[in-house]
Amino acid sequence: MKILMISSETVPWAKTGGLADVVSALSITLAKSGHDVRIVIPRYYSIDKTKLEQLPGEMGTPMGEGVEEWSAVYTTTMPGTTKENPVKVYFIDHEIFFGRDGIYGNSNQTDFVDNPRRFTFFCYAAFQLCRKIKWFPDVLHAHDWPAAVAPVYLKFAERFPGSDFENTVSVLTIHNLGYQGIYHKDNFNYSGLGWDVFYKGGFEDFKMMNMLKAGLYSSDKINTVSPNYAEETKTQALGFRLDGVLRYRSSDYYGILNGIDSDLWNPEKDTNIPQTYSKKDISGKAKAKEALQKEFGLARDANVPIIGMITRLTDQKGLGELFGPAYGSAWSICRDMDLQMVILGTGEKWCENEILSLASRLSNFKAKINYSEKLSHLIEAGSDFFLMPSLYEPCGLNQMYSLVYGTIPIVRSTGGLVDTVENFNEKTGEGTGFMFDHLTPSSIYNTVGWAVWAWYNRRKDIEKMRIRGMSKNFSWESSAQNYVEMYEAARKDRGITSVL
């Protein structure tokens, strides 16, 4: 099949979270299976266009309000793909919309005021790109709210008898339902779609314009990134006011667990750690622990367990209950327990400041307020436990990285964490991690305490849990096949003959 991925992010060019990893890894895996996969993203200011090839001529995209937007188009090939199975990546270069620092916002403006226009243009430009390169997809695969208007354009403007997109189907992947692209409805005029589409296309949201909601109404198929999160999003508690839409579309709504890039995240061939290791010879993990303690200025002690965290510092990650001033449990955990804790991440200022304050007062708690891919690998390899006290977690990748690196997750039982971690059973010694149900400071404290108790008192069980986790297979092959089956179901529903 010919598959066009429409995304605001993809590694290695633009990343704020797991979305970027998923788009690239899924595309590479589908290409290895013989599909013709292409990705389109904006050419942000941070992406060096001198390293890209510019396609001849500019591209015009007719928008509403009598505006025609002109952009250049650049291209390259995704690293890690071959000449036989390349993934071509296209960059829409619009200086006014994308020639600035930040993807969705920056330190001065966390959410750019023109985001609805930026990404509505981007969605329609994807169709103009197909015309420019004379390549028309069987599947248009949109990712999250910045790409969610693309299925709307397909349904209401581009897919009609005799058009180049007549046999194109659309899929929308929800990576995080908490982000929906809700803006004032005055921005809708810019789309060039009629106001009848505003209502029947699903945009209306209490006099606002909801871009993700419109995509949910208009896509042929919808999925999210784990089976358990798919069920959670159909409830009021975690549906973010769209649970009714998802229940309505439940027959077209799939939960497909993300995979991980097993070439990049693999302790047997990871060049970012001091010494590679495997479940047959785990000695390299001790080297990583020693290096991690040195990197963060912790006391060198192989017998003390290290709890690692790599996270965005937001409420979604449960950080209020962990680091909230006067009530968070991190202070008590580090004061009362014989452990070390390291954290890497950036985010909300109050949380950054509280973490730095804790680090200045606790000798066994250290933090770096930034992001480093190399350091992320060292934390995964050198930690003994990995803490994820998430309020909700659509899929989560770090718990899967942790398992394959022999690092035992401590997680809340939500979303994809439920699909990937098995709770420790004290009676049998079975399990791959430690889990708790309710997000409270005391629950985090008690579950970390449980893990630390097992470290000192049930060490044989800990070692078996490590090996059990390292034996898990989270590669993209099976997940990619599930996506192909969803694509085929969408085509079958429209009466299109299978191309396989």
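Predicted model: local features only at pLDDT ≥ 70, side-chain atom pairs only at ≥ 80, totals over all residues.
Mentor: Contact here means heavy atoms within 4.5 Å of each other.

Trainee: Against which elements do the buried residues of α14 pack?

Mentor: The partners are α10 (283–296), β14 (306–310), β15 (340–344), β16 (365–368), β17 (385–388) and α15 (398–404).

Trainee: What makes helix α14 (residues 373–382) largely enclosed by the rest of the structure?

Mentor: Count the buried residues. A residue is buried when its relative accessible area is under 20%. In α14, 8 of the 10 residues are buried, so the helix is largely enclosed. They are L375, S376, H377, L378, I379, E380, A381 and G382.

Trainee: How do you know that α5 is mostly covered?

Mentor: By the count again: 7 of its 10 residues are buried. Those in α5 are V149, A150, P151, V152, Y153, L154 and E158.

Trainee: How do helix α5 (residues 149–158) and helix α7 (residues 211–218) pack?

Mentor: Their angle is about 45°, and their axes are 7 Å apart.

Trainee: Why is α5 called oblique to α7?

Mentor: Set the angle against the classes. Under 35 degrees is roughly parallel, and 65 to 115 is roughly perpendicular. About 45° falls between those ranges, so α5 is oblique to α7. The crossing of α5 past α7 is left-handed.

Trainee: Which residues of α5 and α7 make the contact?

Mentor: From α5 come V149, P151, V152, K155 and F156. From α7 come M211, A214, G215, Y217 and S218. By class, the contact of α5 with α7 holds 7 nonpolar, 2 polar and 1 charged residues. G215 goes with the polar class, because Gly is counted there.

Trainee: What makes α1 and α19 roughly perpendicular to each other?

Mentor: The angle between α1 and helix α19 (residues 476–493) is about 80°, with the axes 9 Å apart. The perpendicular class runs from 65 to 115 degrees. The value falls inside, so α1 and α19 are roughly perpendicular. V22, A25, L26, T29 and L30 of α1 meet W476, E477, A480, Y483, V484 and Y487 of α19. The classes there are 9 nonpolar, 1 polar and 1 charged.

Trainee: How do you know whether Y483 is buried or exposed?

Mentor: Its relative accessibility is 0%. The cut-off for buried is under 20%, so Y483 counts as buried. Y483 lies in helix α19.

Trainee: What does Y483 touch, leaving aside its neighbours within four places in sequence?

Mentor: The contacts of Y483 are L26, H141, T173, N223, I256, N258 and W476, with those sequence neighbours left out. Also, the C-alpha atoms of Y483 and Y254 are separated by 9.3 Å, although the two are 229 residues apart along the chain.

Trainee: Which members of the largest nonpolar core touch the most other members?

Mentor: Of its 97 residues, these are M5, I6, L30, V40, F203, L216 and Y487. Helix α3 (residues 115–133) gives the largest share of this core, 10 residues. Take L30 from the list. Leaving aside neighbours within four places in sequence, L30 is in contact with I3, M5, H35, V37, A480, V484 and Y487. Another core, of 36 residues, lies apart; M309, M341, F434 and W455 are among them.

Trainee: Why does T414 count as buried?

Mentor: Its relative accessibility is 1%. That is under 20%, so T414 counts as buried. T414 sits in the loop between β18 (408–412) and α16 (415–420). Not counting residues up to four places away in sequence, T414 touches N228, E232, L238, S390, L391, Y392 and E393.

Trainee: Why is E65 called partly exposed?

Mentor: E65 has a relative accessible area of 45%. Buried needs under 20% and exposed needs over 50%. E65 lies in the loop between β4 (59–62) and β5 (68–77). Its phi is positive, about 60°, although E65 is not a glycine.

Trainee: What makes A326 count as exposed?

Mentor: The value for A326 is 91% relative accessibility. The cut-off is over 50%, so A326 counts as exposed. A326 is in the loop between α11 (319–323) and α12 (330–336). A326 is not a glycine, yet its phi is positive, about 80°.

Trainee: Which residues does a cis peptide bond join?

Mentor: V11 and P12, with omega about 10°. P12 is placed in the loop between β1 (2–6) and α1 (18–32).

Technical notes
Residues numbered from 1 in each chain as written. Heavy atoms only, no water. Axes fitted to C-alpha atoms, helices over the stretch in contact; angles between N-to-C directions. Helix = DSSP H or I, 4+ residues; strand = E, 2+ residues; numbered from the N terminus. Parallel < 35°, antiparallel > 145°, perpendicular 65-115°, else oblique. Left-handed = near helix turned anticlockwise from the far one by under 90°. Buried < 20%, exposed > 50% of the residue type's maximum accessible area, 1.4 Å probe, protein only. Core = buried A, V, L, I, M, F, W, Y, C linked by side-chain atoms within 4.5 Å.
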